[in-house]
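Welcome, and thanks for taking a look at this protein with us. Please open the sequence and the structure side by side, and we will walk through some of its features together.

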Amino acid sequence: MVEISTRHNPLLSYRPDIDGLRAVAVLAVIVFHVDERLLPGGFLGVDIFFVISGYLITLLLLKGIERDGRLDFVDFYRRRVQRILPALLFMLLAVVPAGFLLMAPADFRDLLAAALASVLSLANIYFHSELETGYFAAPTNDVPLLHVWSLGVEEQFYLLWPFIVMLLVTRTRSPRVRYGCVVLALLASLAAAHWLAIRNPSFAYYMLPTRAWELLAGGLAAFAAARGFSFSGRWRHLPGIAGLGLLAAGLVIVNESHAVPGLPVIPVVLGAVLVVLSPVDALSGRVLSLRPLVATGLVSYSAYLWHWPILAFLRYALVEISWPVGLAAVTATLLAAAFSYRFVERPLRRLRLPRRKILVRYLAAPAAFAFIVFTPALYAIDHEVPGIYAWDRYRALDDATKAAFEYDFNCQYSSFDGKDFSEARCVHPQGADPDVLLIGDSNAAHYLGMLRVFAEHGGFSLRNATQSSCPPLFGVDIDWVNPLYEAGCRTYRKVAAREAGKYETVILGGSWTYFEAASDGKFRESMAATVRDLASRVPRVVILAKAPTFRDYNRECDVRRLRLTFIDCEQRFRAGNRDFGINAFLRDLAEAIPNVHYFDIRHVLCGKDCSPYIEGNPVYFDDGHISMEGSRVIGEVMLRSRDPAMLALLNVLGDDALAAGTAGSGNPRAHDDRMAADEERSR
């Protein structure tokens, strides 16, 4: 048995300093979520919570075993349900109706699914499986229930850990064996966390196997405390001070670019362990036992539950989290937390009811209610049941800002196969023998809608084959491509260099600004060499300019405006009419080589200011990528106005007489019908 004596070991009595440590954790998380620049590692407050939870839960289990000679599993789970669910359910009762009033149907659907998952202790699994994490993934700081993933991790840990503790205590006599088993499990989890943080960051971040080591670190500390371990004597202050120092360093130095929850998290976890193993009368204990910290720690769970939905709904409404707004959000969080703690969390936790009633009222009944109410609501949204939303308006806005990669005729790859240059779907018009080739990355692909319009009226046929995050550079070694796409990019560049010589015209597009920054100044020389090589082998080369970018642009703005009518989307995303320096370089490069041409759409989007809107309609997918429909609209606008830049490009790509004689004619309605048919095939 593990020997426990609360009389002789103050680590096992009530610890005000642990409430103070909870306050540090929750305040770090809140500050980070208000403005991550204030505390880059503030998100590690969740990791501190995991250590505290592992420590306290393990102590609770060990005390129960020592007192009764066995573990009362039903009573343990009753306590957990009574501790966690009331405050969670209270928050959900406010957030779900607010979501219905404020959110677009697709977003409200996701909120309902997340709420159901959180009641079933599966929130972390839900977000791991449902949240997009790729190159074009939308930001997640406006997902109101994202923060409950951590509750899922803890609740799943609670399902397994009591049985493991019981086995360790009753089946092993040696403390060394117990410690050894926990340490081995901890190290295995840590190794998996660090390895997967690079290869599968979503799994590493959200799932129990890669988070377990933090909870096990707290459990290991509890085993030591239960055996009577405690820092004592004249040096008892040093471990706690060192622990606070490690916590401070981690919260300041670590950021989201690090391999979390891998090795970079060790200082914070170790710091939390040193603090919980330090006596209350040590310097660290005295600091953390200060009244304001203890008071904040007592409401820390409710504060954690409320802070994120408040900030997420503000961000969903596209409210900038300035200092005044951030301060108001923190104030609202603390008020909601105090109310929740005073009238929900504390009284219901202390309520003495039979075990069966506790489990029915706090677990079974809420889960059944959520399933009965949320499932029909999910069905209604998925099947667009009439009378709930103006579905046609939502569909139209979604189509207007759909990404280029969602269309089947856009041959944009993330992993490349050389056969991709022969796919029939990549040619426009269908069935033609293409004489123009579009290559590059996603910034080339987003011009495809426009180029298809030009092909309809300019007398040429087009093949597109692009590779995500890949610069169209030939004959040079590069070591600065995004690792996720490096292998495909290497193959793509070799095949594209060979295939380019088969076409009359090669069009190059790319995120030139990103490539210039990533290459540490090497891009311009490589680009010039590539263009000169192409110009020597191909009759005509066209360089597409980097399109204007719009910081903080959100394609969902007009969708959300159907509910939040006060938002002025077109005005809020306007930007200054400043061109990129790399565009000037590319323009000069084109002018220096006779058969190289430069094409820019900036004048279509920019007057006094630049806007991601044309004639009141959005034409961008995200801050730097034009939507496919937006690209088509740009082509049609240039066609109607007989834009000089377009006419010059048609002279390059098609027949001079055809460009001059038909640029203003053609049948736009027929072209729209063909685009609609292509889109339907994509779906």
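Is the link of Cys606 and Cys610 left-handed or right-handed about the S-S bond? With 105° about that bond, the link of Cys606 and Cys610 is right-handed. Please keep in mind on this tour that the model is predicted.

## The disulfides

A disulfide is a covalent bond between the sulfur atoms of two cysteines. In the pair from the opening question, the sulfur atoms of Cys606 and Cys610 are 1.9 Å apart. Cys606 is buried, with a relative accessible area of 11%, and Cys610 is buried too, at 1%.

Another disulfide joins Cys411 to Cys426, with an S to S distance of 1.8 Å. The torsion about its S-S bond is about -95°, so this disulfide is left-handed. The pair links distant parts of the chain, 15 residues apart: Cys411 sits in the loop between α17 and β1, and Cys426 in the loop between β1 and β2. Cys411 is buried, with a relative accessible area of 0%, and Cys426 counts as buried at 1%.

Cys557 and Cys569 also form a disulfide, their sulfur atoms 2.0 Å apart. The torsion about the S-S bond of Cys557 and Cys569 is about -95°, so this disulfide is left-handed. Cys557 lies in helix α23 (residues 557–561) and Cys569 in helix α24 (residues 569–572), so the pair ties together parts that are 12 residues apart in sequence. Cys557 is buried, with a relative accessible area of 0%, and Cys569 is buried at 2%. For a contrast in accessibility, look at Cys181, which is partly exposed with a relative accessible area of 37%.

## A covered strand and its partners

Now find β3, where 5 of the 5 residues are buried. In a regular strand the side chains alternate between the two faces of the sheet. Both faces of β3 are covered: Val436, Leu438 and Gly440 are buried on one side, and Leu437 and Ile439 on the other.

Which strands does β3 pair with? It is joined to β4 by 5 bridges, and the two run parallel. Another 5 bridges join β3 to strand β5 (residues 505–509), again in parallel. To see individual positions, look for Leu438 opposite Asn464 in β4, and for Ile439 with its bridge partner Leu508 in β5.

Helix α19 (residues 448–458) is mostly covered, with 10 of its 11 residues buried. Among the buried ones are Leu448, Met450, Arg452, Phe454 and His457. After α19 comes Gly459, whose phi is positive, near 75°.

Strand β1 (residues 412–413) includes Gln412. At 15% relative accessibility, Gln412 counts as buried. Its side chain makes a polar contact with the side chain of Ser468, at 3.3 Å.

Most residues other than glycine have a negative phi, and most peptide bonds are trans. A cis peptide bond joins Val260 and Pro261, with omega about 10°; Pro261 is in the loop between α10 (237–253) and α11 (266–276). The peptide bond from His428 to Pro429 is also cis, with omega near -5°, and Pro429 belongs to the loop between β2 (427–428) and β3 (436–440).

Two residues other than glycine show a positive phi: Glu384, near 50°, and Ser469, near 55°. Glu384 is in the loop between α16 (355–382) and α17 (391–400) and is partly exposed, with a relative accessible area of 31%. Ser469 is in the loop between β4 (462–467) and α20 (486–500) and counts as buried at 7%.

## The second largest pocket

The second largest pocket has a volume of about 1400 Å³. It is lined by 49 residues, and the closest to its centre are Arg22, Leu56, Arg80, Arg83 and Arg349.

Which helix gives the most to this lining? That is α2, with 15 residues. Helices supplying at least two residues each include α1 (16–34), α3 (73–102) and α15 (323–350). The lining residues divide into 23 nonpolar, 7 polar and 19 charged.

Terms used:
Residues numbered from 1 in each chain as written. Predicted model: local features only at pLDDT ≥ 70, side-chain atom pairs only at ≥ 80, totals over all residues. Heavy atoms only, no water. Buried < 20%, exposed > 50% of the residue type's maximum accessible area, 1.4 Å probe, protein only. Helix = DSSP H or I, 4+ residues; strand = E, 2+ residues; numbered from the N terminus. Polar contact = N/O pair within 3.5 Å; in protein donor to acceptor, adjacent residues only side chain to side chain. 1 Å grid on protein atoms, 1.4 Å probe; cavity = no way out; pocket = protein on both sides within 12 Å on 5 of 7 lines; lining within 4 Å. Points joined across faces, edges and corners; volume = space filled by probe spheres on them. Nonpolar A, V, L, I, M, F, W, Y, C, P; charged D, E, K, R; others polar. Pairing = 2+ DSSP bridges. Disulfide = S-S within 2.5 Å.
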